[in-house]
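These are my notebook entries on a structure I had not opened before.

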Amino acid sequence: MSDIKKIKEEFLNKLSDKLDLSEINEIKSNLFGKNGLISSQFKMIGSVPDNEKKKFASDLNNVKDELQDLINSKIDELQNIEINKKLEKEKIDVTLPERNFIRGKIHPVSQTIDEISSIFSEIGFSVEEGPDVENEYNNFTALNTPDNHPARDMHDTFYLDEKKETLLRTHTSPVQIRTMMKDKPPFKIIAPGRTYRSDSDQTHSPMFHQVEGLHIDKDINMGHLKGCLNYFIKEFFEVEKIKMRFRPSHFPFTEPSAEVDIGYEIKDGKIKIGEGDQWLEILGCGMVHPNVLKNVKVDPTKFQGYAFGIGIDRLAMLKYGINDLRAFFDCDYRWLNHFGFDPLDVPTNYRGLSR
Ligand code: PHE
């Protein structure tokens, strides 16, 4: 048997086995590689006697084609199997139900802060911010609250060091100090933010929110304060008329000082603001004490004005009918889903986005 025939038979036999891709590639290079069996046969053509050359060359070409075709088709076949296996794994089942789509909600406190800010900004107040971690001076001393003043105990302060120099601010009033120290009068600002006192029950949480207001200019009096608060409460609760009462009170940083109650009643289990004979305290206020102005280098003989501090969480509870303050900060997803605001469904008196 000629060498060519032998090669053909040997390799047809080998290729009839079940082979993987690397084994077939090995056979391919054994045959057609640089020193492969078929390649070597081609090199021998020159030494074949002339009368046999034609047949030798044609036989060799036939065997070469046959083996090459067989090998290529086997390689194709194996590659297809591999691709199909991959596709099988990556198959997408378009009949599966879609995943739950969860849209976040805006927390009622954030919503309320936005509403408050937009109402005050319409009457010329700008928004200031201050840090939650304050120094003792801005929180108490600069606000005319000397070391031994009982108001310091009243506030149940969270101190952050033994010397009691750093603390979690007990109210937003230190933002009055920060604002007046960095600028010159007039001032007309609000400062919403977190405040802290060691206190916890159904209507008190150790962390709560206030919005400070400060208006200092020439000739500002208590009438301006009343007018401003009256306007705010009506806008916030979306009512035409409100009942508001100023009760004399005491804060070291205002003189005179007052606490403000608004009138309400409960009708059919719902709270109605501006009617009825129940009163709810919502803020403290007064005319800024001359000592406070002196502390921030504002001349009290030329400038005066009012300040107020409103409890934001209380306002939110009233407006949105939420009766336990602690739920605000429990991070209960179901609660938030119920009381939270859809970011795309803007309430009627929310001007933040539309104006
Ligand atoms: N800071 C006071 C409080 O937290 C409220 C207040 C602010 C009173 C501004 C008067 C003026 O109770």
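I started with His215, which is buried because its relative accessible area is 11%. I use buried for under 20% relative accessible area, exposed for over 50% and partly exposed for in between, with a 1.4 Å probe and protein chains only. I found His215 in strand 5 (residues 207-217). Strands here are DSSP runs of E with at least two residues, helices are runs of H or I with at least four residues, and both are numbered from the N terminus.

Next I listed what His215 touches, leaving out residues up to four places away in sequence: Phe125, Phe187, Lys188, Ile220, Gln304, Gly305 and Tyr306. A contact means heavy atoms within 4.5 Å.

A note on the source: this is a predicted model, in which local features need pLDDT of at least 70 and side-chain atom pairs count only at pLDDT 80 or more, while totals for chains, interfaces and linings use all residues. Residues are numbered from 1 along each chain as its sequence is written, and side-chain values use heavy atoms, with hydrogens and water left out.

Then I turned to salt bridges, where a side-chain nitrogen of Lys or Arg lies within 4 Å of a carboxyl oxygen of Asp or Glu. How many salt bridges does a search of the whole structure find? I noted 18.

One of them joins the side chains of Lys8 and Glu66, at 3.3 Å from N to O. This pair links distant parts of the chain, with Lys8 in helix 1 (residues 3-15) and Glu66 in helix 4, 58 residues apart. Lys8 is partly exposed at 28%, and Glu66 is partly exposed at 35%.

I also looked up Asp261 and Arg247, whose closest N and O atoms are 2.8 Å apart in a salt bridge. Asp261 lies in strand 7 (residues 254-267) and Arg247 in strand 6 (residues 244-251), so the pair ties together parts 14 residues apart in sequence. Asp261 is buried at 3%, whereas Arg247 is partly exposed at 27%. Through shared partners, salt bridges join Arg245, Arg247, Glu259, Asp261 and Glu281 into one network.

My last entry is on surface charge. Lys18, Lys85, Lys86 and Lys89 form a positive surface patch. Patch residues have over 30% relative accessible area and no salt bridge, and like charges are joined within 9 Å. Lys85 lies in helix 4 (residues 50-89) and is exposed at 58%.

Notes:
Patch = residues over 30% accessible without salt bridge, like charges linked within 9 Å, V, L, I, M, F, W, Y side chains within 5 Å. Areas by Shrake-Rupley, 256 points an atom, 1.4 Å probe, with all protein chains shown as cover. Lys, Arg positive; Asp, Glu negative; His and termini not counted. Charge placed at Lys NZ, Arg CZ, Asp CG, Glu CD.
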